[in-house]
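Subject: Model handover and notes on helix packing and strand pairing

Dear colleague,

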Amino acid sequence: MIKLTRRTLLVGTSALVAAGTVSFRALAASRTYHALLVACTDYPNLPQKNWLIGPKNDAGLVRDYLLKNTPDPVKFSAENVTLLAKDVEGANGPPTHAAIKAALADLAGKVQRDDFVYLHLSGHGAQQPQAKAGDETDGLDEIFLPSDIDKWINREEGVPNALVDNEVGAALDAIRDKGAFVWVVFDCCHSGTATRAAEVDDELERKVEFADLVGGDDAARAAAVKTYDDISAGASRGFDENGGRKPAFNLTPTGAEPIARGRLVAFYAAQTVETTPEMPLPKGTPDAPRFGLFTFTILSKLAENPNVTYRQLGQAVLQQYSADGRTRPTPLFEGELDARVFGTDKTDAVMQWPIAVKDGDVAIGAGLLQGLTPGSKLAILPSALSKLSDAVGYLEVQSARNLESNLKPVEFDGKPALAPTAVPAGAYARVAELAVDYKLLVAKPASTAGLEKETELVNSVLDELAARPNSGFHIALVEPGKSADLRLAVLREKSIADAAADATDEPALWFLPASGDISLKDGSKPPRIVIHQDGRDKLAENTGKNLTTIFRATGLSRLAAASDYRPDEVSVQFLIRRQDSDAMEPIESSTVPRVSPGDQVHIAAKNESDEFVDINVLYIGSDYSITHIVAERLAPINEQADQGLKEGLLAFTDTSFGMERMIAVLTEAPPQSEKEDLSFLAQEGVRAVTRAASGTPGFSDMLADIGMAPATRSVMRLADKSGPKGAVMIFPMETVPRA
């Protein structure tokens, strides 16, 4: 069941505390919270190209969040937070193998029943041939690389000083055997096979080639690499025996466990055959420090709503990746996902913070992680319990860092700007207006040897399209390699590493995700346009059509990341019916299922609130096409005989393969209103759509803005009743050919 809450989309019930025993708040207040943060940046025994920057920033940001921003009554004390890192103020030492093992053992020795342990490992992951035959289904051990690893020479011993998956599991079991709840985050990767067709200047993959881990003479190195390559080639890598994605560290128990053992939640930045990046974040912020994408996204989603379940948090991360145009990596989440993060109460989060006024400066303890950017408007409320209609004035964000913002009083919504000294003591600042920026950053293609003329033609067409008014999209062009939502490349299909033998030699313009990666495996083929030197008009027409569909698909995903609708009792569930099976397989909110031609998607939606709610279902293909499937009005459950919406939606075909998305849009249905029909978001007929303007910007207007390509962004005023009247839910899935 999906229940929508502020800035989150999927709610479950916690299994931490049995009904009728002890409350979340009482348990959270009585337990001790521990954290071990490991950040590996420098690797003296590896080539300089393998050194990282982001992990130490990850660890510092996580420490600041734990000590300053966790919700009451969760309390991480500084003496219970251990940070192993180099060049980080207040760190407890370098992240060596011995230090990590000692810190884990120390935790196992001092935790008590019902304590909470948070573990965060940022750095390089890798794989090595398994030391114990039969221990791994793919013949490879997953490893995390402390800073003092050495070269792999002795197969029986593996990479010296590496943390092997079994070793990590045993250390966590020792902590859990004491009855402590463990949440572990791995912001590392293990291997990656995708080809990067468009370079990215400011992204660094947390990836180590096995060849860089091998020592010895040339013959020994060649033999070791061949052994690894042979194992990799013969294994079904990245997926378990049922075709599901395989986590890097197999930590989830497979059998019955004693009740006394503490529970476990594990978050993985990528599956075993993917890489995960670090980059300057938040995106578009001048001089932003480099963070792991996974770490920063987790913290930003958690900062927006700290009262979520782990399943909700995982879904929010996947939605943000979709909003950022990322098809890879594929994060994984497993364990006790319906528990609440840190064991918090099941309450709606309110985006509000105490206002601090000192020497005429106004500040709050929230910033970029909470989505507050310069220009954001916040209401000044006399107390935390005040309604928005009780606002005595408004503030605008002038500058923001990750966890703090400087504001100034402004005239807004008919109220004059207050003097800082007039802000009431004990006042709170609450978000008063949401804004979604739909502008699509497009990185121009870099010049390719032998295709210089084609690249010049494409860039000329792009300049023309970017300047064209009423184009159906709003883009901003950036130079090749710069931060972007969409990357373009000019290349021949046969030049791609995994192209088929019959690949074409025609030059084409390729539309690639933010990572710039391209792969033609499993039937996947990104959108592309064949380039003819004498066909400029046709190239401009087709490029414009592609940019229109990509713009609208991206806009819908961004709206999902910002939606803020809170109906009390609306449940939506998508289910997969596999070919030749009558069973219905629920799509878990925190996973990315793999589907094949012949499989079907069904929906079960129910409105148990007292208000009418409209639901629209759309499908975004791997080519960014948008298909509108259904528009229905859900009556309150006590007013309808059919108990909600239950029907099959679509069957997958072999026309396209890759990362695709099922979209559910909920909008409030005022009495006597027409049913919300979002078919205008489909690919056909966008430019002909016109929408009547309403007196106050609302959720429907934001949806219309996507179709009409706003010049900058659309905003929606918040209200006391239910907040914004709409929400978008994204369920990513990967379509692959049937084996």
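The notes below cover conventions, then the helices, then the strands.

Please bear in mind that this is a predicted model, in which local features need pLDDT of at least 70 and side-chain atom pairs count only at pLDDT 80 or more, while totals for chains, interfaces and linings use all residues. Residues are numbered from 1 along each chain as its sequence is written, and side-chain values use heavy atoms, with hydrogens and water left out.

Helices and strands are DSSP runs numbered from the N terminus (H or I with at least four residues for helices, E with at least two for strands). The axes of helix 2 (residues 54–68) and helix 7 (residues 293–304) come within 10 Å and cross at roughly 15°, where axes are lines fitted to C-alpha atoms, for helices over the stretch in contact, and angles run from 0 to 180 degrees between N-to-C directions. Helix 2 and helix 7 are therefore roughly parallel to each other (angles under 35 degrees count as roughly parallel, over 145 as roughly antiparallel, 65 to 115 as roughly perpendicular and the rest as oblique). On the side of helix 2 the contact (heavy atoms within 4.5 Å) is made by Asp58, Leu61, Val62 and Tyr65, and on the side of helix 7 by Thr295, Phe296, Leu299, Leu302 and Ala303.

Helix 7 also meets helix 8 (residues 310–323), with axes that come within 9 Å and cross at roughly 115°. Here Leu293, Phe294, Thr297, Ile298, Lys301 and Leu302 of helix 7 touch Leu313, Ala316, Val317, Gln320 and Tyr321 of helix 8.

Turning to the strands, strand 1 (residues 33–39) and strand 2 (residues 76–84) run parallel and are joined by five bridges, two strands being paired if DSSP finds at least two bridges between them. Leu37 has Leu83 in strand 2 as its bridge partner.

Elsewhere, five strands in the order 23-22-24-25-27 form an open sheet with mixed pairing. Strand 23 (475–478) and strand 27 (528–530) stand at its edges with a single partner strand each, so one side of each is left without a neighbour in the sheet. From one strand to the next, the twist averages 25°. Within this order, strand 22 (residues 440–443) pairs with strand 24 (residues 486–492) in the parallel sense over two bridges, and Ala443 has Arg487 in strand 24 as its bridge partner.
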